[in-house]
Structures are given as C-alpha cells and as structure tokens.
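Have the viewer open while you read.

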Amino acid sequence: MKYLFLTMLIISTKSVFSQNITGKVESILPIDQEITIRLFNTNFKTQADSLGFYKLENIPNGTYKINVTSTGFKPITHRITVVENENLNLDFELEEDQNELNEVVVSGTLKPVKRLESAVPVEVYSPTFFKKNPTPSIYDALQNINGVRPQLNCGVCNTGDIHINGLEGPYTLVMIDGMPIVSSLSTVYGLSGIPNSLVERIEIVKGPASSLYGSEAVGGLINIITKNPTNAPVFSADYFTTSYFESNLDLGMKFNAGKKAISLIGVNYFNYDQVIDKDKDNFTDVTLSERISVFNKWSFQRNQNRLFTIAVRGMYEDRWGGDIRWEKKYRGGDEIYGESIYTKRAELIGSYQLPFEEKLMLSFSGNVHYQNSRYGTTSYIANQKIGFLQLTWDKKIGRNDLLAGIASRYTYYDDNTTATKEAENTWLPGIFVQDEITFSPKSQVLLGMRYDYNSIHGSIFTPRFAYRFKANENTIFRLNAGTGFRVVNLFTEDHAALTGSRDVIIKNDLKPEQSINVNLNYIQKINFGNGTFMGIETTAFYTRFSNKIISDYETNPNEIIYDNIDGYALSQGISTNIDLNFPSGLKFIVGATVLDNKNVENGISERPYLTENFTGTWSISYKIQPWNLSMDYTGNVYSPMKLPLLSETDPRSPNSPWYSIQNIQFTYSGWKDFEVYGGIKNLLNFTPKQNNPFLISRTNDPFDKNVQYDSAGKVLVTPDNPYGLTFDTTYVYGQNQTIRGFLGLRYTFR
C-alpha cells in the first residue's frame with residue numbers, strides 16, 4: 001500500500017509539473033544580444049537560441065507574469081495562466097526601444113553609446129554567434145568574422161596572430177574589458193584560455209584608434225567584454241571533443257560574497273595529446289597542447305550605483321610540435337627536432353569610479369608573461385611585464401559630449417637573444433581629449449587627439465575626426481579619419497624571428513610605425529513588411545603607413561632581414577556584411593572583403609606575404625521547432641596569398657590556392673537547461689599540403705647537418721638535397737587538420 005501511494009504521488013506530481021511554454025521571439029530589426037525569458041517571482045528562466053526560439057519546461061499550474069527582455073528593445077510583460085496538461089505556445093515581437101541604450105558599445109569612444117548612434121562604427125558579436133561553430137579559444141572563433149583572419153605563423157608550433165583587413169597581427173590591439181592586456185609577446189597566448197562561457201560580447205573596431213588607445217591600435221582593435229557577475233548564470237558548463245581527440249571544457253559559476261559583492265569564476269581546460277601525421281612528413285600535423293586558465297571577476301555594490309569591478313586571470317600552457325618521435329628528454333637538443341613552449345601568464349584588470357559628483361573613472365591593468373621555449377637547439381626565454389593606469393573624465397555640456405583622460409603604460413621586456421643586450425624599461429605616458437558634438441538628431445561630429453611620449457622614441461601626436469549623418473531611421477553614413485602609431489618590439493611579435501631556422505638581421509634602428517587612415521561606412525536597414533528583414537553594412541577603407549617594418553625572406557634563404565620601409569605601404573579595400581532574417585526562422589549572415597595591400601619602395605609596388613585579395617564568411621541558421629533541432633552552416637573562403645619560398649628551385653607553390661573551411665552543426669535543445677550539439681568541421685577536407693610535395697622543408701634534416709654551401713653562402717643542390725633547401729617552417733597559411741567530427745554538451749542553470 002505504501003508503494004502504491006508513492007507511485008500515485010509521483011504520477012500526480014509529474015502531471016502537475018508537465019506543462020511547457022514554447023515559442024519564438026523576433027523583431028523587424030536584427031537582435032544581436034541575448035534574449036531572456038522569465039516568469040516573475042519564480043526560478044523559471046531561459047534564453048532564446050540564435051533564431052529566437054525558447055522553451056520553459058515543467059511549469060506548475062497557476063497564473064504568472066512572463067517577461068521578455070533584450071538590450072536595445074522594449075521589454076514585454078504578459079499575464080498568462082498555465083492549465084494542467086495544456087502546453088502554451090507564445091510568440092513575441094520585440095520593438096526597438098528609443099529610450100534605452102540600443103546595442104550598447106564602448107570601444108569606439110570609450111563610453112557607452114548606442115551602436116547605431118556612435119560616430120565610430122563598431123561591430124558587435126555575442127556568444128550566440130560563436131556557438132554556431134564551437135572552438136576551444138577566442139583566437140579560433142574569430143575565423144567566422146568578415147575581414148578578420150587568424151593567421152598561423154609557424155608550421156610546427158602553430159602560434160599565430162589576428163589579421164584585420166589584411167594587416168598583420170601587431171597592428172591589432174586586443175583588449176579585455178577595455179584594458180590593453182593582450183599585446184606583443186602575448187597576442188596568441190592571451191586570446192587562448194579565456195572561458196567562452198564568460199564572454200558577454202566582442203566588439204571590433206576596424207580602423208585607427210590610437211587617439212584613444214595609443215600604441216598598437218593602428219589597424220583596429222578587438223575588445224573582449226566579460227559578463228557582469230550580476231547577470232551571469234549561477235552555473236554553466238560546456239564540454240566538447242573532436243575525432244582528433246581534442247577536449248575543451250568551460251566552467252562558469254557565480255556566488256554572493258556578503259550583501260555587496262558578487263563573484264564570477266570561470267575555468268577553461270584544453271587538452272590535445274594525439275601525435276597525428278596524416279601528411280606523412282614525420283612531423284606533427286597539429287601542435288600538442290595542455291592548457292588551463294582560471295578567471296575570477298568581482299563586482300561590488302556602491303552608493304549611487306558607482307562602478308567597481310576587478311578581475312584576475314592565470315594561465316599555464318605546455319605545447320609542442322615537431323618530429324613525431326620527440327619526447328621531453330630531447331628538449332633543446334640536436335638529436336630529435338621539436339619546438340616546445342612553456343607559457344605562464346597572470347593578468348589583473350579593474351575599474352573604479354571615484355566618489356565625486358563629476359564622472360571620474362580610474363582603470364588599471366597589469367600582466368606578467370613568462371615564456372620558456374626551445375625551437376630545436378635555439379633557446380628563447382622571455383619575460384614581459386606591463387602595467388597600465390588610466391583616469392578619464394566624462395561630461396556632457398550642451399551639445400558637447402566631452403571625454404578627457406590621462407594614461408600611462410610601463411613595459412618591461414627581457415629575453416636571452418643577442419638583439420636584447422639588456423632588459424628594456426619603457427614608459428609611454430599620454431593625454432587625450434575627445435569632443436562629440438551633436439548639431440542635430442541627424443548630424444554628429446567627433447573630434448579627438450592624443451599626445452604620447454615614449455621614453456625611447458620621443459613625442460607622438462595622433463588626431464582623429466569622425467562624422468555621422470542619419471539620413472532617416474534606416475540609412476546612416478559615417479566618415480572616420482585618423483592617425484595611428486606602433487612602438488615596435490620585433491622579437492615579441494614575429495614568430496619567424498624565433499624559430500631558429502633562419503638568422504635574424506636588423507639593418508638599422510627600427511623606428512615607430514605610423515599610419516593615416518580614412519574609412520566611409522554605410523548602413524541600410526530594409527523591412528520588407530512580411531516579417532523579412534535585411535541589414536546591409538558596407539565600409540570602404542584606406543590606410544597609408546610610413547616607417548612600416550618589412551621582413552625580407554628572399555635575399556638570403558638563411559636570413560630574415562628586417563628594416564623600416566624606404567617608401568610607404570598601403571592597405572585599402574571595401575567590406576560588406578548582410579544580415580537577412582525570414583519569418584520562418586531562416587537566417588543568413590554573409591560577409592565579403594576585397595583587399596589591396598602593397599608595399600611601395602623606390603617606385604616598385606610589391607604585395608606582402610600572407611595577404612589575401614578576397615575573403616568571405618557566412619553563417620546560415622535554421623530551426624525545426626517541433627523537433628527542438630537547429631542547424632548552423634558556417635564557413636569562410638580565401639583567395640590566393642603570396643608565400644615565402646627558399647629559392648628558385650623550391651618546388652612548393654609560390655601562392656596558396658583558393659581555399660575554404662566549412663562546418664556544419666546540429667543542436668538539440670529539447671531538455672531543460674541542456675543542449676547537445678555535434679557536427680563536422682572542415683567539410684571539404686582541405687589541408688595546405690594539397691598540390692604541394694611538402695609544407696615544412698627538409699624535415700629529414702631539421703638541424704641542416706647535411707646542407708652544403710658554396711663560397712658565397714648559397715645552398716648547393718646535392719643528391720641528398722635535390723632542391724637546394726634548408727630546414728624552414730615559415731611556409732604556412734592555414735590549418736593542417738583534415739575533416740573531423742565533434743560532439744558537445746552544454747548545461748546552464750540560471
């Protein structure tokens with residue numbers, strides 16, 4: 001009798017809690033931010049997927065208020081009644097909220113502003129966008145963004161940088177929460193290990209931003225904005241693995257520490273330990289790696305809602321690539337070739353609003369980066385410390401929206417190379433001012449300038465001008481012009497200088513690089529009236545560099561020769577993004593960029609290495625609502641790039657082919673708080689070796705023990721060396737992983 005009673009109780013309880021609420025949230029405008037659906041005064045809460053579909057499960061009988069919110073749109077609240085064994089289907093249409101910040105961005109002007117009302121164009125990408133093609137790091141995730149390309153710089157250890165509009169990685173400033181924490185030595189390492197589950201959004205500015213951010217913001221900036229602990233889920237977990245046996249785990253958790261502090265903890269762990277050699281050159285196709293990163297962010301409640309946040313991150317990575325027989329006992333020796341890199345990194349980021357009537361914000365960051373590397377027998381041990389402090393004053397006076405600030409950056413750098421005779425201590429203090437003048441609701445001008453004093457190179461002045469014209473609610477034009485500068489530390493930025501496969505020659509003292517940039521941005525929103533919406537954004541850009549540092553691989557195959565260009569360099573082109581949404585739930589995001597990059601010296605124009613003339617990206621999404629199944633088809637395509645050869649007899653192609661990396665993913669969201677996803681990466685099975693006899697030259701003799709030279713130092717053609725080559729790893733332009741499957745599971749508790 002007791003068991004019968006328990007059984008009846010379970011059945012009755014299940015029937016009471018068996019009701020579901022499902023539906024779709026849409027708008028005639030694109031929704032770039034997360035959509036939250038909740039029942040007031042309960043713990044029932046969820047987020048819509050990338051197509052706007054949502055599901056609340058196991059709702060008890062009763063009357064509730066359902067609330068739908070998304071940044072930039074008016075919140076929706078309705079009273080609903082849940083009846084036993086009767087599921088509800090509720091669709092909502094969001095309207096733009098002209099009274100709230102719409103698509104809030106901060107990267108363009110260092111202050112919160114509606115994205116469409118900012119004089120500076122800023123692209124915004126939410127976690128929903130990156131979930132369409134899951135990756136183990138933000139570095140890899142950026143491959144889906146038009147005009148942004150992760151570029152591998154080493155065929156053995158797979159380090160790389162980020163190209164924006166064809167410009168090399170050192171011209172891109174990468175920030176976390178607005179702080180220039182990822183730069184120089186740490187570009188690729190700083191972008192690895194940031195838990196994707198803790199990223200609120202990524203903002204990208206294409207074009208100069210040195211008038212606000214100083215050195216390195218020459219070609220653009222990437223600002224990774226982490227979640228506010230107050231709005232983060234209580235717990236989240238995301239794990240996936242691939243048929244290559246790569247494993248990636250993201251964990252996130254928040255907790256209250258007293259009444260006035262909330263803490264957010266994130267952990268990222270990545271492991272890949274499979275020695276795979278599908279191109280049969282006896283070298284690893286992909287670097288083996290073990291990485292762990294821990295992130296902790298605190299938010300404190302203060303009087304008058306003044307801001308105070310502080311975050312720390314620690315990362316350790318052990319990675320190696322090379323001869324498939326390599327073990328750690330061979331590290332640094334000349335018996336078996338391997339490239340082994342140990343990285344330790346710590347970061348501190350914070351913002352504190354001072355307790356004054358005026359809006360004064362103190363921001364600070366610091367990082368310590370230690371790298372212990374062996375490239376064959378070449379040892380590279382580097383230590384970098386960066387401290388950054390900034391105070392800004394923000395005030396509106398009539399039509400003028402003013403921003404002024406002082407900043408200072410201290411950089412300590414030391415390594416064991418002959419180019420660094422003693423540790424470098426560099427100070428870079430600066431002062432900047434910006435005025436955004438609103439002449440009318442349709443017309444807006446931004447004027448800015450910055451003065452920096454580098455302790456080595458002296459004074460640097462960077463002005464900026466922007467104009468925004470809103471023809472109507474659906475058409476916007478923006479013109480931006482400015483200058484940028486970059487203080488160079490060659491060995492922290494060019495991995496080719498560190499591999500040991502070539503000698504490094506620096507002809508003269510390297511001067512700071514400077515640029516002048518102009519871009520014209522056009523936005524057009526089209527509502528077809530039947531629920532179909534299209535957004536078009538096009539930007540034409542022009543950048544001219546002076547003092548650009550170029551690398552000469554051709555004069556001597558055993559050397560890389562660096563010098564400032566005796567002339568100028570150009571980067572120009574046009575980029576277009578199209579966002580198309582259909583009422584059926586079908587969504588297209590398509591982008592294309594046409595580039596023309598060249599170095600002009602002594603009247604001779606030459607195209608730089610590893611620069612494409614065309615790049616395209618796409619994302620196609622659709623959800624089969626009755627099955628709770630969504631599909632995402634993503635990809636990119638690149639035109640040929642000039643590649644570095646060792647000699648006229650080098651049999652490898654001087655240019656890469658047209659190539660495309662395409663992926664497909666299916667996601668099932670029919671279980672409460674869970675998502676199961678899986679699919680295939682690199683559907684076309686492309687690898688760089690196609691149509692090439694090899695990628696890395698002379699893998700059979702990586703220490704050049706059997707290479708013979710003539711009296712002039714030129715490599716001789718011998719029976720053992722039929723092409724007259726030396727060992728070299730610089731011939732690389734894309735990933736070397738074949739087609740592979742992946743499978744993952746997400747859990748979010750709110």
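**Why these labels?**

Q: Where does N305 sit?
A: N305 is in the loop between β21 and β22 (308-322). Keep in mind that we're looking at a predicted model.

Q: Why is N305 called exposed?
A: The relative accessible area of N305 is 74%. The label starts over 50%, so N305 counts as exposed.

Q: What makes the phi of N305 worth a look?
A: The phi is positive, about 55°, although N305 is not a glycine.

Q: What about N282: which loop holds it, and what is its phi?
A: N282 is in the loop between β20 (261-272) and β21 (288-300). Its phi is positive too, about 65°, and again N282 is not a glycine.

Q: Why is N282 called partly exposed?
A: N282 has a relative accessibility of 48%. That falls between the 20% and 50% cut-offs, so partly exposed is the label for N282.

Q: How do you know whether Y337 is buried or exposed?
A: Y337 comes out at 3% relative accessibility. Buried means under 20%, so Y337 is buried. Y337 is in the loop between β22 and β23 (338-353). Between Y337 and R374, the C-alpha to C-alpha distance is 9.8 Å, with 37 residues separating them in sequence.

Q: Why is the pair of Y638 and Y659 called tilted?
A: The ring centres are 5.2 Å apart, with the planes at 45°.

Q: What does the pair of Y638 and Y659 tie together?
A: Y638 is in strand β40 (residues 629-638) and Y659 in strand β41 (residues 659-668), so the pair joins parts 21 residues apart in sequence. Both of these tyrosines are buried.

Q: How do you know which kind of pair F674 and Y747 form?
A: With F674 and Y747, the numbers are 4.7 Å centre to centre and 45° between the planes.

Q: Why are F674 and Y747 called partly exposed?
A: F674 has a relative accessibility of 33%, and Y747 has 23%. Both values lie between 20% and 50%, so F674 and Y747 get that label.

Q: How many aromatic pairs are there in total?
A: The count comes to 27. Ring pairs also join F255, W298, F300, F308 and Y352 into a cluster.

Q: What makes K642 count as lying over the face of Y609?
A: K642 is 4.8 Å from the ring centre of Y609. The distance limit is 6 Å, along with an angle test of 35 degrees from the ring normal, and K642 does lie over the ring face. Likewise, the charged end of K681 sits over the ring of F742, 4.9 Å from its centre.

Q: Why is M631 called partly exposed?
A: Its relative accessibility is 24%. That is not under the 20% cut-off for buried and not over 50%, so M631 is partly exposed. M631 lies in strand β40. M631 and F666 are 35 residues apart in sequence but 4.7 Å apart in space, C-alpha to C-alpha. Beyond its neighbours within four places, M631 touches residues including I620, Y622, I664 and F666.

Q: Which residues have the most contacts inside the largest nonpolar core?
A: This core has 39 residues, and I145, I202, I204, I222 and I224 have the most contacts inside it. A second, separate core has 20 residues, among them I59, Y64, V68 and I76.

Terms used
Residues numbered from 1 in each chain as written. Predicted model: local features only at pLDDT ≥ 70, side-chain atom pairs only at ≥ 80, totals over all residues. Heavy atoms only, no water. Phe/Tyr/Trp six-rings, centres within 6.5 Å; stacked < 30°, edge-to-face > 60°. Helix = DSSP H or I, 4+ residues; strand = E, 2+ residues; numbered from the N terminus. Buried < 20%, exposed > 50% of the residue type's maximum accessible area, 1.4 Å probe, protein only. Core = buried A, V, L, I, M, F, W, Y, C linked by side-chain atoms within 4.5 Å. Contact = heavy atoms within 4.5 Å.
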